[in-house]
Amino acid sequence: MIHPMLSELERAIEDLINARQAIMAMVVSHQAPGGSLAGKLVFQAPPQPGELKATPEEIDGPYFRLGAPLRSNLLEPGDTPELVLSGRVLNEQGTPIPSAIVNLWSSDATGNYDMVGHRYTGYVLTDAEGRYEFTTIVPGCYYPRDAKHLHVKVQGDSSPVTTQLYIEGEPGNEDDPLYTPECLVRCTVDARGTRYGTFDFVIRQVTERQNVTPESLAARV
Ligand SMILES: [Fe+2]
């Protein structure tokens, strides 16, 4: 039989963990610097029949910088390729989106973001099959996050979709308040220790009817 004080202690610990996760979520949300998702809860609409589920959206975080260079190789001098990330950008019907922008930024190996230049930051355009690829490092972790993560903005005929990716096998993923298994990058590892991760982004495309046209502007007057 479990001593009553032990079960009370367990409940108290569980409450503390839940409270910590709630506070962490608020802290991370509060730090978002005014991006379109800053401070907002984002609810994903369920997929309609025949649709893929859209990639979950997450906050920008405090370290997004405009002006990323066009490049797929984010390695700095002295780095070794630790992560080759590739995949496709698809619409909700599974059709590849060519010329979509995939913009990736992460911290360095010690968890620091470059707020002056663009280290570990770059964007690429998807090819005719909707494919993208980056070569980079496994970023470090930084307070108050528990998981190593890569920030990504993806844009086709749409507003930018902001999300974060997590690396399979890294410690702390499940402890992070923003972690979702839907954003976990499955990886294989070669003999040199380079990880090859694949991830397909699914983003909603605006329809011509939803877009701004002279007719829709006239209708608003
Ligand atoms: Fe971050």
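Predicted model: local features only at pLDDT ≥ 70, side-chain atom pairs only at ≥ 80, totals over all residues.

**Exercise 1.** Which side chain meets that of Arg204 in a salt bridge, and what is the N to O distance?

Residues are numbered from 1 along each chain as its sequence is written, and side-chain values use heavy atoms, with hydrogens and water left out.

*Solution.* 
- Step 1. Apply the criterion: a salt bridge is a side-chain nitrogen of Lys or Arg within 4 Å of a carboxyl oxygen of Asp or Glu.
- Step 2. The partner of Arg204 is Glu92, with an N to O distance of 2.9 Å.
- Step 3. Arg204 is partly exposed at 45%, whereas Glu92 is buried at 7%.
- Step 4. For context, the structure holds 10 salt bridges.

**Exercise 2.** Identify the residues that salt bridges join into one network with Glu170.

*Solution.* 
- Step 1. Glu170 and Lys148 meet through their side chains in a salt bridge of 2.9 Å, N to O. Because Glu170 lies in the loop between β6 and β7 and Lys148 in the loop between β4 and β5, this pair ties together parts that are 22 residues apart in sequence.
- Step 2. Relative accessibility is 10% for Glu170, which counts as buried, and 23% for Lys148, which counts as partly exposed.
- Step 3. Glu170 also forms a salt bridge with Arg195, the closest N and O atoms being 2.7 Å apart. Here the loop between β6 and β7 is linked to strand β8, across 25 residues of sequence.
- Step 4. Both Glu170 and Arg195 are buried.
- Step 5. Salt bridges with shared partners therefore place Lys148, Glu170 and Arg195 in one network.

**Exercise 3.** Describe the pairing and the burial of strand β6 (residues 161-167).

*Solution.* 
- Step 1. Two strands pair if DSSP finds at least two bridges between them. Strand β5 (residues 149-155) runs antiparallel to β6 and is joined to it by six bridges; Val152 has Thr163 as its bridge partner.
- Step 2. With five residues between them, β5 and β6 form a hairpin.
- Step 3. Strand β7 (residues 184-189) pairs with β6 in the parallel sense over two bridges, and Ile167 has Val185 as its bridge partner.
- Step 4. Seven of the seven residues of β6 are buried. One side carries Val161, Thr163, Leu165 and Ile167, the other Thr162, Gln164 and Tyr166, and both faces are covered.

**Exercise 4.** Which strands pair with β1, and in which sense?

*Solution.* 
- Step 1. Strand β4 (residues 131-136) is antiparallel to β1, with six bridges; Gly87 stands opposite Tyr132.
- Step 2. Strand β8 (residues 195-198) is parallel to β1, with four bridges; Val84 stands opposite Tyr196.
- Step 3. Strand β9 (residues 201-202) is parallel to β1, with two bridges; Leu90 stands opposite Val202.
- Step 4. Seven of the eight residues of β1 are buried, so the strand is largely enclosed by the rest of the structure.

**Exercise 5.** Locate Asn73 and state how far its C-alpha lies from that of Glu133.

*Solution.* 
- Step 1. Asn73 is in the loop between α1 (4-31) and β1 (83-90), and at 43% relative accessibility it counts as partly exposed.
- Step 2. Asn73 and Glu133 are 60 residues apart in sequence, with a C-alpha to C-alpha distance of 8.7 Å.

Methods
Buried < 20%, exposed > 50% of the residue type's maximum accessible area, 1.4 Å probe, protein only.
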